[in-house]
Amino acid sequence: MFKTVNALVLREVRYKEADRILTVLTDTDGKLTVKARGALRKSSRSAAATQQLTYAEMTLFGNKGRWTVNEASVKEAF
């Protein structure tokens, strides 16, 4: 199930070698924990949008109660 939300990244934690675990505050679903795969790689398209205190539009993929970032674009960086 795909969902597009506007989200503010409240917290980011490095996970494994190139991933991030994010805590985001969304406009429709409240606070969610989301995994951003490959966000720490140099060639990542979602690297800027998954930094702390960034307001972004994210497309999330949900599977068995867990959310993963598919796409993300920065709306406002604080």
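Me: How do you know that strand β1 pairs with β4?
Reply: This is a predicted model. In it, 7 bridges join β1, residues 2-15, to β4. Pairing needs at least two bridges, so β1 and β4 count as paired. They run antiparallel. One of the contacts behind this is Lys 3, whose bridge partner in β4 is Leu 60.

Me: What makes the strands a barrel?
Reply: 5 strands close up in the order β1-β2-β3-β5-β4. The pairing is mixed. From one strand to the next, the twist averages 50°.

Me: Why is Ala 18 called buried?
Reply: Its relative accessible area is 9%. Buried means under 20%, so Ala 18 qualifies.

Me: Where does Ala 18 lie, and which residues does it touch?
Reply: Ala 18 sits in the loop between β1 and β2 (19-26). Leaving out residues up to four places away in sequence, it touches Ala 36, Arg 37, Gly 38, Ala 39, Leu 40 and Arg 41. Contact here means heavy atoms within 4.5 Å.

Me: What lines the largest pocket?
Reply: The lining has 13 residues. Lys 35, Arg 37, Arg 66, Trp 67 and Thr 68 lie nearest the centre. The elements that give two or more residues to the lining are β3 (30-36), β4 (54-63) and β5 (66-77). The pocket's volume is about 300 Å³.

Key
Residues numbered from 1 in each chain as written. Predicted model: local features only at pLDDT ≥ 70, side-chain atom pairs only at ≥ 80, totals over all residues. Heavy atoms only, no water. 1 Å grid on protein atoms, 1.4 Å probe; cavity = no way out; pocket = protein on both sides within 12 Å on 5 of 7 lines; lining within 4 Å. Points joined across faces, edges and corners; volume = space filled by probe spheres on them. Helix = DSSP H or I, 4+ residues; strand = E, 2+ residues; numbered from the N terminus. Axes fitted to C-alpha atoms, helices over the stretch in contact; angles between N-to-C directions. Buried < 20%, exposed > 50% of the residue type's maximum accessible area, 1.4 Å probe, protein only.
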